[in-house]
Each structure stands twice: as structure tokens, then as C-alpha cells.
Amino acid sequence: MESDINHIHFLIRYIHRLSISQIVRRLKQESTHQIWLLHPSTLRKQYWYQKLLWSDGYFVCSIGEASPDTIREYILSQG
């Protein structure tokens, strides 16, 4: 995982019976919940109406034949 100014890169190995949309939805739900548990007063000032931190969209691609190490280096070089 690596963060940039306005997005986050993840390299994930997953069980193929789960859909990508299920994985992304769970990542967004759990991370939002945990961040709100850790920083409620700070976030309440900015997100007083709804506890939303993520946009609806996402981009996903397969690494294909590239090695995980190559992708990891790419992710770390971003931002």
C-alpha cells in the first residue's frame, strides 16, 4: 500500500470467489470505520453531515505476468 496526494495504491492477493467490487467496498467500509474510531472529533468538523471519506469510484487492474516485486516497486515510486 502507498498513498499519493488524492489516492491510494494497493497490491492485493485475493480469493477469486470474491469480486473486486466486494473487496473495494469492504476496504472502504472498514477503513472509514477505523478512521472514525481513531479521529472522531477531527473528522466531525469536516464531515458533519455524513461519515463518508471515499469517492464512489476506483480503478483496478491485474498485474498479469509482472512479478509482485515489480508492481511493488512501481507503487512505491508513485507520488
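Visitor: Where does Phe-10 lie?
Guide: Phe-10 lies in the loop between strand E2 (8-9) and helix H1. Helices (H or I, at least four residues) and strands (E, at least two) are DSSP runs, numbered from the N terminus. Please note that this is a predicted model, in which local features need pLDDT of at least 70 and side-chain atom pairs count only at pLDDT 80 or more, while totals for chains, interfaces and linings use all residues. Residues are numbered from 1 along each chain as its sequence is written, and side-chain values use heavy atoms, with hydrogens and water left out.

Visitor: How far apart are the C-alpha atoms of Phe-10 and Val-60?
Guide: They are separated by 9.4 Å, although Phe-10 and Val-60 are 50 residues apart along the chain.

Visitor: Let us turn to H1. How many residues has H1?
Guide: H1 has 19 residues and reaches 27 Å from its first C-alpha to its last, close to the 27 Å expected at 1.5 Å a residue. The expected span of a helix is 1.5 Å times one less than its number of residues.

Visitor: Which residues are buried in H1?
Guide: Ile-23, Val-24, Lys-28, Thr-32 and Trp-36 are buried there. What covers the buried residues of H1 includes helix H2 (40-46). Arg-26, also found in helix H1, is exposed, with a relative accessible area of 53%.

Visitor: What does Thr-32 touch?
Guide: Leaving aside residues up to four places away in sequence, Thr-32 touches Lys-51, Leu-53 and Trp-54. Contact means heavy atoms within 4.5 Å. The relative accessible area of Thr-32 is 12%.

Visitor: Which residues line the second largest pocket?
Guide: Thr-32 is one of them, and the lining also includes Val-24, Lys-28, Lys-51, Leu-53 and Trp-54. The lining residues divide into five nonpolar, three polar and four charged. Ala, Val, Leu, Ile, Met, Phe, Trp, Tyr, Cys and Pro count as nonpolar, Asp, Glu, Lys and Arg as charged, and the others, Gly among them, as polar. On a 1 Å grid over the protein atoms alone, a pocket is an open set of points where a 1.4 Å probe fits, with protein on both sides within 12 Å along at least five of seven lines, and lining residues have an atom within 4 Å of a point.

Visitor: A new topic, then. How many salt bridges does the structure hold?
Guide: The structure holds one salt bridge. Arg-72 forms it with Asp-69, the closest N and O atoms being 2.7 Å apart. A salt bridge is a side-chain nitrogen of Lys or Arg within 4 Å of a carboxyl oxygen of Asp or Glu.

Visitor: Where are Arg-72 and Asp-69 in helix H3?
Guide: They are three residues apart in helix H3 (residues 68-77), so about one helical turn separates them. Arg-72 is partly exposed at 41% relative accessibility, and Asp-69 is partly exposed at 48%.

Visitor: And Ile-75, is that residue buried or exposed?
Guide: Ile-75, whose place is in helix H3, is buried, with a relative accessible area of 7%.

Technical notes. Buried < 20%, exposed > 50% of the residue type's maximum accessible area, 1.4 Å probe, protein only.
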